[in-house]
Amino acid sequence: MDMATEQMLNAQVAAVLGGDSVAPLEALVAQLMSSGNEQRGQAEQIFNHCKANHAEALVLKLVRTLQVSQQVEVKAMSAILLRKLMTKDDVSLWKKLSPATQVGVKSQLLLCVQHEEGKSILKKLCDTVTELAADILEDGQWPELLPFMFQCVSSDSMKLRESALTMFAQLAPYIGPQLRSHLPTLHAVFQQCLSSTTSSDLRLAALRATTHFVATLESAQDRACFQDLLPGMLQTLSLALNNREEATAQEALEMFIAVAGTEPRFLRRQLAEVVGNMLQIVEAEELDEGTRHLAVEFLITLAEARERAPGMMRKLPHFIGRLFGTLMKMLLDIEDEPSWHAADNEDEDAGESSNYEVGQECLDRLAIALGGNTVLPVASQLLPTFIADPDWKKRHAALITLAQIAEGCSKVMTKNLGPVVDMVLNSFRDPHPRVRWAAINTIGQLSTDLGPVLQQEYHQRVLPALVGAMDDFQNPRVQAHAAAAILNFSESCTPEILTPYLDGVITKLLVLLQNGKRMVQEGALTALASVADSAQALFQKYYDTVMPYLKTILINANDKANRMLRAKSMECISLVGMAVGKEKFRDDAKQVMEVLMNLQGSQMEDDDPTISYMLQAWARLCKCLGQEFLPYMSVVMPPLLRSALLKPDVTITDADSDDEGNDTDDESVETITVGDKKIGIRTSILEEKATACNMLCCYADELKEGFYPWIDQVAPILVPLLKFYFHEEVRKAAVSAMPELLRSGKLAVEKGQAQGRNELYVKQLTDYVVPALVEALHKEPETEICASMLDALNECIQIAGPLLDSGQIKAMVEEFKQVITASGSRKKERAERTKTEDFDAEEGELLEEENEQEEEVFDQVGECLGTLTKTFKNLFLPYFEELIVYITPMLGKDRSPEEKRVAICIFDDVAEQCREAAIKYYDTFLPFLLDACTDANPDVRQASVYGIGVCAEYGGASFKPVVGEALKRLNAVISQPTSGAAENIMATDNAVSALGKICQFQRDRIDATQVVPAWLSCLPLRNDLVESKIVHEQLCAMVERSDVHLLGPNNQYLPKIVAVFVEVLTAGGALVTEGTAGRMVNLLRHLQQTLPPDALASTWSSLQPQQQGALQTILSQTTR
């Protein structure tokens, strides 16, 4: 800025801030609101200069303007500017003000609130007061505020009472604890204001204050004190509706929704009354749609509030029936639009109203929230009447309902699928095309939600019905949807199920590909792609017929209207290529890739679906062609990296902003509210970014060391995305890529393809990837992604191995502690839910599902610790010792089987890998292992008996005191009546193996004449293929050294040994290593040559005829 400009600016600032008059500032504020860019820009320059250099004077002048200005708009804007200056700026000006000015501003603001008459300005003043208070109250910097608010709320002035209630509502999260001593006063104030007969605004302010305040009360006892306010809260809503004040009613409903989401049990005592009132609103068709929809949202939110009020809504079956019926009725608000039948565009929603959309969405949410045992009986009463009605809308509604509730009712529905399938397939012949479309839509949804049971039990009815529906040439939308449903059906379909139908399905789809309607062609391409993906190699038979059609579309569908058709042809070609394999696809692949390269070089619009489809098609072509794809990587990678680097298109505004210009009807923008901010995110950009990240992971996985040249570019893109909280799929892809990048770099170095780089490069890559993954794990909010991160970390540990340094190991161990603690806390919270009065069996099932996801986290922690133990052995023991206090509680009787299993496996790994050095932990863990041998869960038993075997092998004298107890426990596992059942057999095999180790390493502590033959009688092991090889090698070694206890007096156990050898040798190498098999054959030959003829004949004759034949074959093969 030159000197002249600065002098002029200073003069303008002096004019605005100097003197007593507020007129210059009023003029400046008016200019800030100007629609003219130049005028507004000049005003902003002056205002920013004031803010930067004269903060104190500017704040005082704005306060003065609020006191004396007569210009309503200027006054309102001054309140907003003051609020933003003191609370919203990146660097708040409040702390720059002198203490005297701060005191003055606070008292003047309260005077402004007291004297302001304009409602809109008063609201903005209250916002300014509360936002400033939120920043400074906790530090005790505004002691006058609470007394002022209590004074106002008790005032005769309706305006002041409303303002005070507004401030109570906004400050509730910040001053809730300070108000505990004032609960009786607040209760009386809220009650009085809620029952005001003169002002709906006052009642609404009281409702807002009550709902906000209740949410801050931590104890159920405190909340209970306010429950008698519910009638007054409901009355506020009822009066607004009776007085036709629907805007007020809608605000009230939004507050009830907030309570339903955060404190649903506050409503419990009067639940029937609250829900009954809401249902009346939902059913009142004369009310505005928005009002009814909010009442529906309240009821659905209440049903979904499982964490805070599990099972509560299921106690009101009558109301659930009414709500379900009303939602189905909403589905009748649909018109038979001609555009739907014309099928010239993708709009399948033509004729659907907002009522229809709400009904559809809420049926889905209700079923998921309440479960099939509650919802299906209600649906079963209504659906038969609707499906038999002459009105097509009712038949259509029945089918849409079925599709919407399938996910939530899947467990119950799959138990009695017949009537459901009958109802839907009968509707394939309905006279109205929209009903036929709905029936196909329902089959598609059921295929997803009830698969693979639907596919296994009803393929012979569903697939022919879908093929038949493709003949509906009068209704192309029905044809296209039938093709799309083939996709849903085949996704959960095995090749065996699909094979008998392939001829008919593919023939029909090829007919549709030649249809004039683009929508039908697109549907056919999607279905073909899915069928190929499911059929895999079986699709080779159709390849030569199908591929020419696909290539023709790819080459010729090049105008804007056909962009999606071309994109889907890419998808189909690449999936067909993967299905049939490289040899069959190679020649066509080259031609297709030439087309894709040309396309990639052309200019495409941002919204062109080709981009995303092409990214995926390239990756599939890579999977199909493997290393042969490497020459194309230089073409593929640049646009892929551009897509992976896309920045999220995010807009952030104040949640309470008066600026309507930020609102958008753009469906690609998703809006969420976080605190006092409204965040808008353009999802299409995020989806493209997620696709690109997934494809990068795919290339690294497929090309291994071939991906090395790209690591230096890709790693700095993907590592920061481990903490990309805008989109889960982006994070998941980044997580999956970490071990792939590390493996690619390591293999390139090992195979000499890393351009002179050595192990130092792998160490540097490890140092970049692993700490970032550990840090991201610490901040990850989603349990499922936590489990994926631990899985990826385990792979990284396996790949990096000894390259990990002590700091990295320590950081991992600290994170494992945090993960175990956090997971334990979440499980504890869920356990608390089981104690609530409304908890029921259905809620128990849902809770079980949540805990299963949690157990995946424990499982992955166990895997990571096992890998660290195997990698670092004794060096890891100091870290293990830190973890013992976290692991042993997992062995408690109150813990889940999976937690116990993981804890035992961690110890098993330590005992096995650290051997004598781990003996000092036996006193802590062995009692748990012995106790867990009789656990009800077979996986826990298996881990326990395995650990006992390890301790017997490496424990030496330290194991001797427990040998007797161990034998007793192992015998109980082996001899129980169901020990051979499928679910128990792995535990049994491991118990036999452990028994063998006691025989081998602790023989001086057992009665070998009893125990060794008992062990032999359990052989061979046929199920645990790892343990079977170990045990059968042990048997072989004992025979080689003529173990007297094994052979028995006069070789009496020799026939059993020979029988075991024969069975093991004839199992095709599954039960024995090649080396041990050779030794067994040599032993058999040795016996044949050295045993006296009588003894040999006796031993051979004791075998079963089938075993004798097998033995002859074995011996003859070796003597040739």
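Visitor: Which residues touch the most other members of the largest nonpolar core?
Guide: F539, F629, Y699 and F707, in a core of 400 residues. A nonpolar core is a set of buried Ala, Val, Leu, Ile, Met, Phe, Trp, Tyr and Cys residues joined through side-chain atoms within 4.5 Å. Buried means under 20% relative accessible area, exposed over 50%, partly exposed in between (1.4 Å probe, protein chains only).

Visitor: What is this model based on, and what are the cut-offs?
Guide: The model is predicted; local features need pLDDT of at least 70, side-chain atom pairs count only at pLDDT 80 or more, and totals for chains, interfaces and linings use all residues. Residues are numbered from 1 along each chain as its sequence is written, and side-chain values use heavy atoms, with hydrogens and water left out.

Visitor: Back to F629. What is it in contact with?
Guide: M593, W618, L621, C622, V636 and Y699, leaving aside neighbours within four places in sequence. Contact means heavy atoms within 4.5 Å.

Visitor: New topic. Is E854 buried or exposed?
Guide: Buried, because its relative accessible area is 0%.

Visitor: What does E854 touch?
Guide: T783, S823, R826, K827 and R830, not counting residues up to four places away in sequence.

Visitor: Which side chain makes a polar contact with E854?
Guide: That of S823, at 2.7 Å. A polar contact is a pair of N or O atoms within 3.5 Å; within protein, one must be able to donate a hydrogen and the other to accept it, and residues adjacent in sequence count only if both atoms are side-chain atoms.
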